[in-house]
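Please keep the sequence and the 3D view open while going through them.

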Amino acid sequence: FRPILMTTVAMVLGMMPLALATNPGSELKNGMGWAMTGGLASGMFITLKLVPVVYATLDQVKVHLSQKMAARRAKKTQAAPELIPGEVSMISDQSSL
């Protein structure tokens, strides 16, 4: 957290003289200064806030789906009991009729 924040803040503060300059001919570089400042700020926001939120959300979805699949597997094993070798099933007797 801290290295990302410190690096971004240092770059933004370094770009401020370029973005706020009023010297003759500086109007050509002002736009670049503001674009870099906005890009760095939005990149920092995405890195520090959005990525962890998306990761946590996807982790919750994974846990939910794995629980759902485990419940489905447990339900299948209870619904279809295992046959003992040599035992004739009622379904196979009815299909031969």
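1. K68 counts as partly exposed because its relative accessibility is 46%, and the term covers values between buried (under 20% relative accessible area) and exposed (over 50%), with a 1.4 Å probe and protein chains only. K68 is found in helix α2, which spans residues 27-79.

2. On the basis of the note: this is a predicted model, in which local features need pLDDT of at least 70 and side-chain atom pairs count only at pLDDT 80 or more, while totals for chains, interfaces and linings use all residues. Residues are numbered from 1 along each chain as its sequence is written, and side-chain values use heavy atoms, with hydrogens and water left out.

3. The protein chain has three helices and zero strands, in the order α-α-α along the sequence. Helices (H or I, at least four residues) and strands (E, at least two) are DSSP runs, numbered from the N terminus.

4. Of the 97 residues in the protein chain, 10% count as buried. The chain exposes about 8200 Å², of which carbon and sulfur atoms supply 70%; accessible areas come from the Shrake-Rupley method with a 1.4 Å probe, and for residues only the protein chains shown count as cover.

5. K68 also belongs to a positive surface patch, together with R72, K75 and K76. Patches are made of residues with over 30% relative accessible area and no salt bridge, with like charges joined within 9 Å and nonpolar side chains (Val, Leu, Ile, Met, Phe, Trp, Tyr) within 5 Å. A salt bridge is a side-chain nitrogen of Lys or Arg within 4 Å of a carboxyl oxygen of Asp or Glu. Lys and Arg count as positive and Asp and Glu as negative, with His and the chain ends not counted, and the place of a charge is taken as NZ of Lys, CZ of Arg, CG of Asp or CD of Glu.

6. A nonpolar surface patch of about 550 Å² is made by F45, I46, L50, V51, V54 and L58. Of these, V51 lies in helix α2 and counts as partly exposed, because its relative accessibility is 47%.

7. N30, also placed in helix α2, is buried because its relative accessible area is 19%. Apart from its neighbours within four places in sequence, N30 is in contact (heavy atoms within 4.5 Å) with L18, A19, L20 and A21.

8. G31, in helix α2, is partly exposed at 44% relative accessibility, and its C-alpha atom is separated by 6.8 Å from that of A19, twelve residues apart along the chain. G38, likewise found in helix α2, is partly exposed at 39%, and 8.5 Å separates its C-alpha atom from that of V12, 26 residues apart along the chain.
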